There are 2 protein chains.
Amino acid sequence: MTPRVRGRPRSFDREAALARATLLFWKYGYEGTSIADLTREMGVSPPSLYAAFGDKRTLFSEVVERYGETFGAFMGRALDEEDDTRAAFARMLREAAASYTDPAHPAGCLVISAAVNYSPQTADVERALRDRRVANVRVFEERLADAGGRGELPAGVDAHTLAHYFAAVVQGLSQQARDGATAGELERVAGLAMSVWPAPAR
Amino acid sequence: MTPRVRGRPRSFDREAALARATLLFWKYGYEGTSIADLTREMGVSPPSLYAAFGDKRTLFSEVVERYGETFGAFMGRALDEEDDTRAAFARMLREAAASYTDPAHPAGCLVISAAVNYSPQTADVERALRDRRVANVRVFEERLADAGGRGELPAGVDAHTLAHYFAAVVQGLSQQARDGATAGELERVAGLAMSVWPAPAR
DNA sequence: CCCATTCCGTAGCGATGACTACATAAAAGA
DNA sequence: TCTTTTATGTAGTCATCGCTACGGAATGGG
């Protein structure tokens, strides 16, 4: 199972180091986190970091990928596991409020907040996260349009606007969490935000 | 009126240079904008910049102050000029949607997006903007509590939650605008967001 | 006219950014 | 044991960061 390779084995836990890097990028963002910060917190010297993860951009990409499969996975799960569309979005907002304020890690969402500011040279990093967010809005819209087609929403409900609304609320929850809002405050905001849901077709 | 001073007069328009700096910080953020970027776009050499504006932090502070009195002033105006509280918040969201997508300047709100990412050395800049945002939530809450006291809202309506909700929506609109949402899309989101407004007391 | 004052552009300061050359250490294969 | 392979720590590379010393240019005061 453990494929013994040639050469000297690496002296650090790659997964643990990646987890440390995630926390740094999450809190300070891509440009706010220096290689010196990373090597210090990961307990790895610069050459080892570059050998194990490639350059800073590649490491960041892997961090984002890992984030999506772990901390950020609640969003896809809420939409996939709930049959009722309203329940799916309600659960998504509720879990976002909880996750974004979890004291076990930095506040807010890494995909939303880690590359807001960027120098002209790192515009592509900002673009990569923006593409993820835009793709997410499309996922929302497809689910809502599908719900409309199945009669879960009254005819004529604007799935496009509703999708952008939920995206905006999620991003607002992330920003509020970073500004110090508590889990309880955000859970109540999430509940209030759901009251825009259109009256059921009759 | 023009107080003639001794020495050589400055060869550039201080207000125009400040406006250029505002656009740069607005788009790229505090750390994403270098002194080299600023001197190039402002058409001013580094020593002139430092003589006229102090260091980078001080320049940024002045930019933020100016922003609040110009581009960001619609928010205070909406709350001050509208007697009806619901109309005040509706106008605020509507104008935010318009301002954040105005092609005459970078998308979104400078106070929300210019210092999301920060190195440990510039945490105080992030803090300064965060304090502004948090103060804003308090202004919202006071206006909403006042509306409750005047009978504009049903008894028992949670002004605190409502204030955080509106703050989150505004921040979500800003992020959506930076991600490329159009004015029309955000205006519809703003309208939808207002449907959480509680039914009037009877 | 000369001086004091203020601003100008050039050129460069020390510190830090991302990243790497190099010699060595630790493993597997022959 | 000896070679090959891969990882390690030290100690740098060059570019860019925010910022400034310095000498010259443009003004008003005397």
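In the predicted model, Arg40(A) is exposed, with a relative accessibility of 55%, whereas Glu41(A), at 34%, is partly exposed. The side chains of Arg40(A) and Glu41(A) form a salt bridge with an N to O distance of 3.8 Å.

A second salt bridge in chain A pairs Arg66(A) with Glu15(A), the closest N and O atoms lying 3.9 Å apart. This pair connects distant parts of the chain, since Arg66(A) belongs to helix α4 (residues 56-69) and Glu15(A) to helix α1 (residues 14-28), 51 residues apart. Arg66(A) counts as buried because its relative accessibility is 19%, under the 20% limit; Glu15(A), at 45%, is partly exposed.

In chain B, Glu65(B) and Arg132(B) meet in a salt bridge at 2.9 Å, N to O. Here too distant parts of the chain are linked: Glu65(B) lies in helix α4 and Arg132(B) in helix α8 (residues 123-149), 67 residues apart. Both partners are partly exposed, Glu65(B) at 42% relative accessibility and Arg132(B) at 35%. Salt bridges with shared partners also join Arg20(A), Asp37(A), Arg40(A) and Glu41(A) into one network. Over all chains, 28 salt bridges are counted.

Helix α3 of chain B (residues 46-53) has Leu49(B), Ala52(B) and Phe53(B) as its buried residues. Viewed down the axis of α3(B), these residues fall within an arc of 75° and therefore line one face of the helix. They pack against α1 (14-28), α2 (35-42) and α4 (56-69) of chain B. The exposed residues Pro47(B) and Ala51(B) are carried on the face of α3(B) turned away from the buried side. Gly54(B), with a positive phi near 80°, follows α3(B).

How values were computed: Residues are numbered from 1 along each chain as its sequence is written. Chains are lettered from A and ligands numbered from 1 in the order in which they are written. This is a predicted model: local features need pLDDT of at least 70, side-chain atom pairs count only at pLDDT 80 or more; totals for chains, interfaces and linings use all residues. Side-chain values use heavy atoms; hydrogens and water are left out. Buried means under 20% relative accessible area, exposed over 50%, partly exposed in between (1.4 Å probe, protein chains only). Helices (H or I, at least four residues) and strands (E, at least two) are DSSP runs, numbered from the N terminus. The arc is that of the directions from the helix axis to the C-beta atoms. Contact means heavy atoms within 4.5 Å. A salt bridge is a side-chain nitrogen of Lys or Arg within 4 Å of a carboxyl oxygen of Asp or Glu.
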